[in-house]
Every structure is written in C-alpha cells, then in structure tokens.
Amino acid sequence: QVQLVESGGGLVQAGGSLRLACAASGRTSSIYQMGWFRQAPGKERAFVGRITWSGGFTNAVDSVKGRFTISRDNAKNTVFLQMNSLKPEGTAVYYCAVQNLGNAGKWDYWGQGTQVTVSS
C-alpha cells in the first residue's frame, strides 16, 4: 500500500500562488505515476496533471498550462504542484493520487485532499 499526505493548501487572492506537496510513504517502489486532481464545489473531481515517477514526464490539462507546474523530489518521495496566477475558479479541494505499475487507467491510492480557496 501507499499512503499519501497533501499539504500546502490555503486562502489566496486571485493572481497569487500556492505550492502543494504530496508526500508518499509505504510501497513507493510500485509507483508508476502520480497525479493531481481537484474537486470544485458542486462538481465532480477532475484531472489536473500528472508526473511519472522515474522519468519525470509531465502533462496537464489545457486550463492550467503555463500557470501550474508539476515536479517531484524522488529522494523525499514527494511531488509538488506549483500554482501561479490562480483564478477564483481554481477554488477546490486538491487531491493527489498514485497509479501503480501495470495499472494503466486506474488510480490506486488517494490522499485526503487539501483545500485551496482563491478569492476575487
């Protein structure tokens, strides 16, 4: 099993920045990639971006490209979501998730989420 703990959420004004972290523990050797998702009030959880654990390949949805950056620190088993130029519509609970090797299309473990609130 893999345990995930997110941190770094909070209240920020529109145009501001936040950096979220997701620390993984447990069976991290089985991780293929980690993803970031968000769930806005009254909406379904949505994919934001991902990073592969070994090669560091990233991609993200168009709505955050150029503003959000995903990175990792393998030595600390931690991935980051740097969010710049935040917009009020970015208000959501942000979750990280793990996809294990061999489990394409399925996210196996989830963190508890961290609240991000962007005021206008």
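Predicted model: local features only at pLDDT ≥ 70, side-chain atom pairs only at ≥ 80, totals over all residues.
A search of the whole structure finds one disulfide. The bond joins Cys 22 to Cys 96, with an S to S distance of 2.0 Å. Cys 22 lies in strand β3 (residues 18–26) and Cys 96 in strand β9 (residues 92–100), so the pair ties together parts that are 74 residues apart in sequence. The torsion about the S-S bond is about 60 degrees, so the disulfide is right-handed. Both Cys 22 and Cys 96 are buried.

Two salt bridges are found in the whole structure. One pairs Asp 62 with Lys 65, and the closest N and O atoms are 3.2 Å apart. Asp 62 has 63% relative accessibility and therefore counts as exposed. Lys 65, at 51%, also counts as exposed. The side chains of Lys 106 and Asp 108 also form a salt bridge, at 2.8 Å from N to O. Here Lys 106 counts as partly exposed because its relative accessibility is 46%. Asp 108, at 18%, counts as buried.

Arg 38 has no salt bridge, although this residue is buried. Its place is in strand β4, which spans residues 31–39. The nearest side chain of opposite charge is that of Glu 89, 7.8 Å away. A salt bridge requires a nitrogen and a carboxyl oxygen within 4 Å. The side chain of Arg 38 does make a polar contact of 3.0 Å with the side chain of Tyr 94. Beyond neighbours within four places in sequence, Arg 38 is in contact with several residues, including Glu 44, Arg 45, Val 48, Phe 68, Ala 92 and Tyr 94.

Notes. Residues numbered from 1 in each chain as written. Heavy atoms only, no water. Helix = DSSP H or I, 4+ residues; strand = E, 2+ residues; numbered from the N terminus. Buried < 20%, exposed > 50% of the residue type's maximum accessible area, 1.4 Å probe, protein only. Lys, Arg positive; Asp, Glu negative; His and termini not counted. Polar contact = N/O pair within 3.5 Å; in protein donor to acceptor, adjacent residues only side chain to side chain. Contact = heavy atoms within 4.5 Å. Disulfide = S-S within 2.5 Å.
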